[in-house]
Amino acid sequence: MLRAERYRHFIAYFSTHQPDAQTELHYGNAFQLLIAVILSAQCTDKRINIVTPAIFRDFPTPESLAGATPGEIFEYIKSVSYPNNKSKHLVGMAKMLVDVFHGEVPSDLNELKKLPGVGRKTANVIASVVYEAPAMAVDTHVFRVANRIGLTNKAKTPLAAEKQLLEYLPKETVRFAHHWLILHGRYICLARSPRCEICPINWFCRYYEQTHTEAALKRAEAAKAKKAKDQKKKKKLDTIAKELKKRSVEKDI
Ligand code: SF4
């Protein structure tokens, strides 16, 4: 199947079945989402949703968070990954919002990336979720699922995957496609054992085509049979070699 066809099926399926897919992080405004996304690096959304309500309550504005110390913030986030760094990032981010951006979360990708704790992925999430920009944030789920489906091809880095996705996706679908891929990766296309048998999009998935179709199963069976044959042959040769060695030892004696 051609890549353009996979894209067509991908968009058709998800825009029908998950037309309003959105982030599972809880937030009430751009500032709160920024806090949640910074915290979510290498951590689950579920855990972040547990810790953020207290932060949002006690530090409702960039000014209030900018006035806190990293040590204070650490107490709120010690159950998430990398709490030391993240508490410094949150306070630094709030200070920069106040000092440079008049307390507002910027919409421009390059300005967002200047904020402590904000890399390309986080900046893309804010741009697409808050400002509805056609920005594609590539996290581990997006990277893996896009590659398995065949939306990306030999993309070695998140940036390469992002470029390929942006090249093929119609602009108006980009911000939804990000969530489609994440949610699919979280619940169906799991990292270690993708649930291909129950996957509703397996009929246009490249990975499925390569591993589950009749031709792929025949290839796998042939490879298995060849491996067994080679092992048998090796065992036989080992036995002969042992026998020859034994005979030569007996002769020497
Ligand atoms: S068929 Fe399997 S590999 Fe393909 S998207 Fe579905 S779960 Fe993932």
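The following legends describe close-up views of a predicted model.

**View 1. Helix α3, residues 45-58, and its length.** Helix α3 comprises 14 residues.

**View 2. The bend of helix α3 at V51.** The helix α3 bends by about 35 degrees at V51. A proline, P53, follows within four residues of this position.

**View 3. The buried residues of helix α3 and their packing.** Buried positions in α3 are I48, T52 and I55. Packing of the buried residues of this helix is against two other helices, α2 (30-40) and α5 (70-77).

View 4. Although Y82 is not a glycine, its phi is positive, at about 50 degrees. Most residues other than glycine have a negative phi. Y82 counts as partly exposed because 15 C-beta neighbours lie inside 10 Å, a number between the limits of 12 or fewer for exposed and 20 or more for buried.

**View 5. H102 in the loop between α6 and α7.** Residue H102 lies in the loop between α6 and α7 (109-112). Its phi, near 55 degrees, is a positive value in a residue other than glycine. H102 is exposed, because 9 other C-beta atoms are found within 10 Å and a residue with 12 or fewer is classed as exposed.

Technical notes: Residues are numbered from 1 along each chain as its sequence is written. This is a predicted model: local features need pLDDT of at least 70, side-chain atom pairs count only at pLDDT 80 or more; totals for chains, interfaces and linings use all residues. The expected span of a helix is 1.5 Å times one less than its number of residues. The bend at a residue is the angle between axes fitted to the seven residues ending there and the seven starting there. Two residues are in contact if their C-beta atoms, placed from the backbone, lie within 7 Å.
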